[in-house]
Amino acid sequence: MNKETSTTLFWVLLITGVTAAIAFFLYPLYQNRKAKLAELEMRKTALIQKEQKHKDISDKVSALQDDPLAVERIAREKFKKGNPDETVIIYEK
């Protein structure tokens, strides 16, 4: 083997070794980032669901504060109440 071939082989092996070392050290960071991104997506989805639930509850509270018919509907459905001249019939499920 002449000097030029051995120098070329040295550089090829050195570059291959450095590339392998970089890949070896960066792969765990890549996996960690991938896991964090998946967790972030999951939390974004949960946040959107909770915001929707909050909006629904806020709408119900607002309706109960502002709409007398909504209060009457809740009283009829949940508490089995009726007007004095009405007869309430309750069906068992």
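1. E39 is partly exposed, because its relative accessibility is 31%. The model is a predicted one. E39 forms a salt bridge with R43. The closest N and O atoms of E39 and R43 are 2.8 Å apart. R43 counts as exposed, because its relative accessibility is 55%. Both E39 and R43 belong to helix α1. They sit four residues apart, about one turn of the helix.

2. Why can residues with such a spacing meet on a helix? An α-helix has 3.6 residues a turn, so residues three or four places apart point the same way.

3. How many salt bridges does a search of the whole structure find? The count is two. Besides the E39 and R43 bridge, the side chains of K55 and D59 meet in a salt bridge, at 3.0 Å from N to O. K55 and D59 also lie in helix α1, four residues apart, which is about one turn of the helix. K55 is partly exposed, because its relative accessibility is 44%. D59 is partly exposed too, with a relative accessible area of 40%.

4. D59 also gives a distance along the model. D59 and M42 are 17 residues apart along the chain. Their C-alpha atoms are separated by 26 Å.

5. Next, the aromatic rings. The count of aromatic pairs comes to three. One of them joins F10 and W11. Their ring centres are 5.4 Å apart, and their planes make an angle of 70 degrees. The F10 and W11 pair is edge-to-face, because the angle is over 60 degrees. F10 counts as partly exposed at 47% relative accessibility. W11 is likewise partly exposed, at 47%.

6. Is the pair of Y27 and Y30 stacked or tilted? The ring centres of Y27 and Y30 are 6.3 Å apart and the planes stand at 35 degrees, so this pair is tilted. Stacked planes would have to be under 30 degrees apart. Both tyrosines lie in helix α1, three residues apart, about one turn of the helix. Y27 is partly exposed at 49% relative accessibility. Y30 is partly exposed at 48%.

7. F10 and W11 return in a nonpolar surface patch. The patch covers about 800 Å². V18 is found in helix α1, which runs over residues 3-66. V18 counts as partly exposed, because its relative accessibility is 43%.

8. Where does the cap of α2 sit? D67 caps the N-terminal end of that helix. A side-chain oxygen of D67 lies 3.2 Å from the backbone nitrogen of L69. Helix α2 covers residues 68-79, twelve residues in all. At 1.5 Å a residue, α2 should span 16 Å.

9. What follows α2? The residue there is K80. The phi of K80 is positive, near 55 degrees.

Conventions: Residues numbered from 1 in each chain as written. Predicted model: local features only at pLDDT ≥ 70, side-chain atom pairs only at ≥ 80, totals over all residues. Heavy atoms only, no water. Patch = residues over 30% accessible without salt bridge, like charges linked within 9 Å, V, L, I, M, F, W, Y side chains within 5 Å. Areas by Shrake-Rupley, 256 points an atom, 1.4 Å probe, with all protein chains shown as cover. Salt bridge = Lys/Arg side-chain N within 4 Å of Asp/Glu carboxyl O. Helix = DSSP H or I, 4+ residues; strand = E, 2+ residues; numbered from the N terminus. Buried < 20%, exposed > 50% of the residue type's maximum accessible area, 1.4 Å probe, protein only. Expected span 1.5 Å × (residues − 1). Polar contact = N/O pair within 3.5 Å; in protein donor to acceptor, adjacent residues only side chain to side chain. Phe/Tyr/Trp six-rings, centres within 6.5 Å; stacked < 30°, edge-to-face > 60°.
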